[in-house]
Amino acid sequence: MKKKFLVTGGSGFIGSAIVNMLLKNNYIVFNLDNEFREKKYLKTKHKNLKNIKCDIRDYKKIEKYFKNIDTVFHLAFINGTNFFYEKPDLVLDVGVKGMINVMDACKKHKVKNFFLASSSEVYQNPIKVPTDENVPLVIPDPNNPRFSYGAGKIISEIILLNSNIFKKSIIFRPHNVYGPDMGYNHVIPEIIQKLSKSKNNIKIQGKGDHTRAFCYIDDFVKGVELLIFKGTNKNIYNIGTSREIKIIDLVQKLIVLSNKNIKIIKTNKKLGDTPRRCPDLKKISKLGYKPKVSLDMGLKKTYKWYIN
Ligand SMILES: NC(=O)c1ccc[n+]([C@@H]2O[C@H](COP(=O)([O-])OP(=O)(O)OC[C@H]3O[C@@H](n4cnc5c(N)ncnc54)[C@H](O)[C@@H]3O)[C@@H](O)[C@H]2O)c1
């Protein structure tokens with residue numbers, strides 16, 4: 001009999017890519033998503049896919065869908081920096097209540113395996129870059145709503161690590177995943193949008209000397225797939241690339257792709273922005289993870305998608 005997977009947040013950018021990967025592996029997939037995001041990324045129609053519109057904060061509604069599920073991928077979360085500042089209570093409600101409900105439903109129906117999407121945001125300003133999975137998790141300022149997101153992820157991780165209901169529970173921490181059709185609340189689409197509207201210049205936050213390591217969605221999903229088969233119980237894995245790039249250099253690459261003669265203008269930096277972010281990937285590399293898509297190729301594909 002085909003194994004049944006349940007994905008929360010499977011209509012989102014990463015969720016839809018994971019749903020497609022699961023369908024390719026011939027699993028039956030239940031997607032629980034309340035379509036909070038205005039944009040629904042999951043376009044797939046498949047006999048093995050069942051989309052259920054519901055809010056993970058509503059235990060009574062979601063519980064029955066966990067019956068006979070083998071593995072849960074928990075991704076539903078409120079993303080986008082604006083939401084962290086404007087609706088930190090919602091971020092935490094979905095993050096914490098949602099996690100507890102999903103765990104309770106798993107317990108009731110004896111789900112075997114659990115994969116939790118955490119985030120690189122749990123490290124905030126890490127004491128070590130590249131950052132490995134053992135670097136301490138921090139909430140630098142509980143009064144800054146910016147950290148509602150990281151706090152929700154840390155709480156979810158702690159809940160999972162302290163439960164013993166699964167045969168296999170795995171946490172993955174995505175680091176700056178990008179690609180075509182990823183929405184507009186991320187740095188790459190934001191820059192592309194600005195460039196498309198601009199004639200002579202583009203404004204960036206600060207000096208643009210903060211860094212990120214961007215991972216193309218196809219490489220990311222291969223990492224997740226690897227964890228299904230080779231990841232081990234109660235382990236945490238960074239997924240991303242180790243190509244650290246300054247934001248100003250990223251903007252420059254996108255300017256080249258735009259074929260425009262545009263000047264970069266530096267402005268004041270936003271509070272809470274992490275200066276450097278780059279994962280240490282030794283742990284997942286040992287399982288065979290090797291990102292293949294170069295930044296230039298990934299940016300080209302992404303740029304083309306947004307411009308079209
Ligand atoms: N994109 C990245 O680079 C990145 C980086 C770090 C972590 N993550 C994590 O990976 C996961 C997927 O990210 P994404 O980029 O696909 O985000 P996304 O916002 O595109 O997807 C999240 C999905 O969750 C759904 N959702 C929100 N609240 C819900 C609720 N109450 N009930 C049911 N569904 C709800 C949304 O409608 C959306 O479809 C998230 O947990 C995110 O925090 C992503």
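Two strands pair if DSSP finds at least two bridges between them; strands are DSSP runs of E of at least two residues and helices are runs of H or I of at least four, both numbered from the N terminus. The model is predicted: local features need pLDDT of at least 70, side-chain atom pairs count only at pLDDT 80 or more, and totals for chains, interfaces and linings use all residues. Residues are numbered from 1 along each chain as its sequence is written.

**View 1. Strand β1 and its partner β4.** β1 and β4 (residues 71-74) pair in the parallel sense, over four bridges. Val7 stands opposite Phe73 in β4.

**View 2. Strand β1 and its partner β2.** β2 (residues 28-33) runs parallel to β1, and five bridges join the two. Thr8 is placed opposite Leu32 in β2. Between β1 and β2 the chain passes through helix α1 (residues 13-24), a right-handed β-α-β crossover (with the strands pointing away from the viewer, the path from the first strand over the helix to the second runs clockwise).

**View 3. Burial of β1.** A residue is buried if 20 or more other C-beta atoms, placed from the backbone, lie within 10 Å of its own. Five of the five residues of β1 (residues 4-8) are buried, so the strand is largely enclosed by the rest of the structure. Lys4, Leu6 and Thr8 lie on one side, Phe5 and Val7 on the other.

View 4. Of the 30 residues around the ligand (C-beta atom, placed from the backbone, within 6 Å), Gly9, Gly12, Ile14, Ala76 and Phe77 come nearest. The elements giving two or more residues to this shell are α1, β2 and α4 (88-109). The largest share, three residues, comes from α1.

Key: A residue is buried if 20 or more other C-beta atoms lie within 10 Å of its own, exposed if 12 or fewer, and partly exposed in between; C-beta atoms are placed from the backbone.
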